[in-house]
Amino acid sequence: MKWLCAVATVCITLLTAESQAGATTYNYTGNPYTDYAGAGFANFGTNMTGTVTFNIDTSALTGGPDLTTPLDVSSLVMSSGNFVFDQTALFGDFSFTNGNITGWQIYFINNLTDHNGVYAFGSSTAGGFGDAVTDLGLSGLGAANSEDCGPNGTNVPACAGTWSITTSVSAVPEPSTWAMMILGFWGIGFMAYRRKSKPALMAA
């Protein structure tokens, strides 16, 4: 009987763990760029946009630990005008309050190296940094940023734009989980069968 209870407990635990797992996607809308250099307006557009998908359900997450790429992020894509960068080029660090992304830092993994003519790219709430993309004067693409978007050209955290949650999807159990569950239920059935057949054998 104890063995049956243990198997049942394992199966219930697996089902509960899978039901709590999930994936959550957010879309980013940056504040309008306030400063341009060179051909920055033509190349980098009016503001930064992006999307991030986490491997877990973050719709109610608060506090740390922060979620980072690539461990907790299945997809990270940031765009500025004609330029698009994904998680192969970007590092991201995210913190949450009641499921909302309230703090983040996103920048090139290999900073100050050539990414199709862009040498520096970032979005951050730290120090009112905001969004920025630039060629550092090396490729003729120019630069754009949303720094100094506050009153009288001051830096404020709001310069960094906002993330809005779009989807929160529960995960489907993996094949290995299904296999363990089936094995557990088979074990319960087998033990029940043995318990029923044992009195018949003793009577014979």
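**Entry 1: a tryptophan and its partner**

I began with W163, which counts as buried because its relative accessibility is 8% (buried means under 20% relative accessible area, with a 1.4 Å probe and protein chains only). I am working with a predicted model, where local features need pLDDT of at least 70, side-chain atom pairs count only at pLDDT 80 or more, and totals for chains, interfaces and linings use all residues. Residues are numbered from 1 along each chain as its sequence is written, and side-chain values use heavy atoms, leaving out hydrogens and water.

Next I looked up aromatic pairs and found 15 in the structure (rings of Phe, Tyr and Trp, the latter by its six-membered ring, with centres within 6.5 Å; planes under 30 degrees apart are stacked, over 60 edge-to-face, the rest tilted). The rings of Y28 and W163 have centres 4.8 Å apart and planes at 40 degrees, so I noted the pair as tilted. This pair links distant parts of the chain, 135 residues apart: Y28 is in strand β1 and W163 in strand β12 (strands are DSSP runs of E, at least two residues, numbered from the N terminus). Y28 is buried too, at 2% relative accessibility.

**Entry 2: an asparagine**

Then I turned to N145, found in strand β11. Is N145 buried or exposed? At 18% relative accessibility, N145 counts as buried. A polar atom of its side chain lies 3.0 Å from the backbone nitrogen of E147. Leaving out residues up to four places away in sequence, I listed Y33, T34, D35, D131 and A132 as touching N145 (contact means heavy atoms within 4.5 Å).

How values were computed:
Helices (H or I, at least four residues) and strands (E, at least two) are DSSP runs, numbered from the N terminus. Buried means under 20% relative accessible area, exposed over 50%, partly exposed in between (1.4 Å probe, protein chains only). A polar contact is a pair of N or O atoms within 3.5 Å; within protein, one must be able to donate a hydrogen and the other to accept it, and residues adjacent in sequence count only if both atoms are side-chain atoms.
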